[in-house]
Amino acid sequence: MKVLRLDKADLERWFVNWAKTREVYGPLRQSSSDSKSISVNKSYTDWAILKDGKFPELGTGLPKSPIKKFFFPQPETLFTCSKRKGDPDAFVFKEPENRDNARKVLVGVRPCDARSVELNNLPFEKDPYFQANRAKTAIVGFTCRDRCQTCFCKEVGGSPVGTEGMDIAVTQLDDFYMAEVITEKGEELVQEGGGASEASGEEISRLKESKAQVESLFSSMSDPAQALEAMKAKDLFALYNAPFWSQLADSCINCGICTFLCPTCYCFDIQDEVVKGTIRRIRYYDSCMFPLFTLQASGHNPRGQKVQRVRNRFMHKFKYFPDRFGPFSCVGCGRCIRECPVNIDIREVLKDLLAVE
Amino acid sequence: MSTTNSTITEDIRAKAKQLLSSGEVAAFLGFTTGTLPMTMRPFVARRPEDAERLVWNSFCVMNLANYLPDLLKSVEPPRGPKDPPPEGPLPKVGVLATGCWSRNIVVQIQENQVQRDRLVILGIGSRGMVDRKKVLAQVDGREVWTSEEGEHSLVIEGPGFKKEIQRWDVVRDNCQTCIHPNPVIYDYQVGQPVSPREVKDRFRQVNEIEAMSSEERWSWFQEEISSCIRCYACRNACPLCYCPTCFVDDSRPQWVGKSIDLADTSIFHILRAYHCAGRCTDCGACESACPMGIHMRLFTKKLEKDVLELYGTEAGMDPDVPLPLTTYKEDDPQNFLITEAVGQTSEAGEGVKP
Ligand code: SF4
Ligand code: SF4
Ligand code: SF4
Ligand code: SF4
Ligand code: SF4
């Protein structure tokens, strides 16, 4: 694998050069323009176009939203068709005119978020929309140098310095950067960016050292492989009937925060919207926390109670998904913990699940 | 912990323990600490020993009234949907209530969602709750590892910083303009009643928005909601939103689109606000729950102001005064129905302009 050494100016030049043919996104501070007395609370970063080589703001933890919207947009138009009388093309499904076909580069993606694309790829393996979005999107990841209180990537099978899902993995070493070029897409970006030198053997060993040091910040975390095997071995009904679900439901308000902001939640619903004689079939995010999620046409709802919905999120991530696809459906980004208004902590739930006999 | 908070916490624990051990209540609803600083977890104690976990501090921002209808149902003896209610009194639930929460309980009583005689209310005079997002804004969005609350200050610590903040500076907007911090109904008082705050103009933010031209106001509204992810945390945190099927979930007819298209999001926010008219107590739970920092509370605040000006009432102040929008009187004010002659001022017809 090719490893390059870059200065900040080199990276900035890359961003400028990429922006000539692609949309370049990175986490930026969301400023609120209202100057009135209405207090400005938006102290978070979120994904935005990086203009003029602007450097992504990576200092304050993960951006508010995950990168799934670039692969699984909210909403996504699947097709359109006319329903106008006399239109010879009436009810002929067409590729939507405004399909976003721009090639994109996501800069400053953390290892957990990059890994989420690989995990979502399992259920979406045959999904043409996800795959098309994936083909036109490149991920320039930045490995972590620190951890937030809510980070637990290591506990669910990831790593703070992991490169899974990335096309290029950038690591900051003091005042310069190292770039590991992982895929062909990454190689293409390097060509377009231009002018970076290969790293020396000494620099490469510094990269390794630095990564090992960051990894050691997570050394207290339990072994993910063991947890995964334990969960797969457990009896589904024992987990399902565990006593702690009702306590979680006592606190949970059944909102969509933890699932919508989760990089690995991928549930959607489909609807036809009709505007001025044109039907647009869209898919949009759904959440197992919502009563509508499993409501049947008969009126019956197999998950009609809050406790059943609360249970499903964790059972899906830690039992159903691994049983079907292998890994946990969680990358440990901690967004659901940080953003939950009632502090339901998925790490506690995982611990409780692992304790079920 | 500040002395005020620790005294209140001790009182709550003692009272909850007594209520649970004596069997007077089947469950007690309060708060406990979770895994992160500055976010409290609503918590139901069901055994006397659970009472030890109850905690009170300035981060108890979720409105406990929100949990009451379901909690009351959960303590009833199980029965099928068609079975008649059991004979005799149903089990009771204990709950904490500040000024606004107690007013929400009054509204729920008036709307037949909860029964007064099934509640044991521990009233707390509120010093104003702290807005976690305001604290984060003070440290530039950096992570906060710990927060220690003193009487009038907070000491917060995170990566490379330790900072003392004046508590009042980070108190939620709704609490800063609250003039009813003491509960309007309760069975026991916990801690001391607080002296009502001097609030110069509690509708200051609404007035500022009203002063805008309708174009400015519309663009302010659109910008405010543009980052909404339709997670419905604002709705689900609200004790007024107990409808079994919310209008956003209706499919026959479907009132509003489901995605984050601005037109759909606008309808969601406008309708949600209107459903709260004359009922909202400005408890701020919606705004506290929102992950995106949207100030949807201002929409209901405007309606609170209108209802006060038109009907002279505030929601939930008195169980014997009916809610203005669920009663009809011959002399009800009609001003909101009648628009000024169209074309005379630029503001004409604004009520219907999307
Ligand atoms: S969870 Fe791991 S990969 Fe994600 S930001 Fe935290 S340390 Fe980095
Ligand atoms: S964010 Fe918290 S309150 Fe909302 S559904 Fe998830 S666990 Fe429940
Ligand atoms: S479940 Fe929570 S921690 Fe895991 S990936 Fe989703 S948001 Fe991140
Ligand atoms: S079932 Fe729930 S937890 Fe699983 S992916 Fe869907 S929304 Fe997320
Ligand atoms: S809580 Fe915030 S993001 Fe969620 S629906 Fe309400 S306004 Fe939108």
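Reply: Leaving aside residues up to four places away in sequence, A:Asn301 touches A:Pro291, A:Thr294 and A:Leu295, where contact means heavy atoms within 4.5 Å. This is a predicted model, in which local features need pLDDT of at least 70 and side-chain atom pairs count only at pLDDT 80 or more, while totals for chains, interfaces and linings use all residues. Residues are numbered from 1 along each chain as its sequence is written, chains are lettered from A and ligands numbered from 1 in the order in which they are written, and side-chain values use heavy atoms, without hydrogens and water.

A:Asn301 sits in the loop that runs between strand 11 (278–285) and helix 11 (306–325) of chain A; helices (H or I, at least four residues) and strands (E, at least two) are DSSP runs numbered from the N terminus.

Elsewhere in chain A, strand 8 (residues 176–181) has six of its six residues buried, so the strand is largely enclosed by the rest of the structure. From strand 8 of chain A, A:Phe176, A:Met178 and A:Glu180 point one way, whereas A:Tyr177, A:Ala179 and A:Val181 point the other way. Strand 8 of chain A pairs (DSSP finds at least two bridges) with strand 1 (residues 2–6) of chain A in the antiparallel sense over five bridges, and within this pairing A:Val181 is the bridge partner of A:Lys2. Strand 7 (residues 168–173) of chain A also runs antiparallel to strand 8 of chain A, joined to it by six bridges, with A:Thr171 opposite A:Met178.

Ligand 1 is surrounded (a heavy atom within 4 Å) by residues including A:Cys112, A:Cys144, A:Asp146, A:Cys151 and A:Cys153. At 11% relative accessibility, A:Cys112 counts as buried. Around ligand 2, the surrounding residues include A:Cys252, A:Asn254, A:Cys255, A:Cys258, A:Arg313 and A:Cys340. Over all chains, a search of the whole structure finds zero disulfides, that is, pairs of cysteine sulfur atoms within 2.5 Å.

Methods:
Buried means under 20% relative accessible area, exposed over 50%, partly exposed in between (1.4 Å probe, protein chains only).
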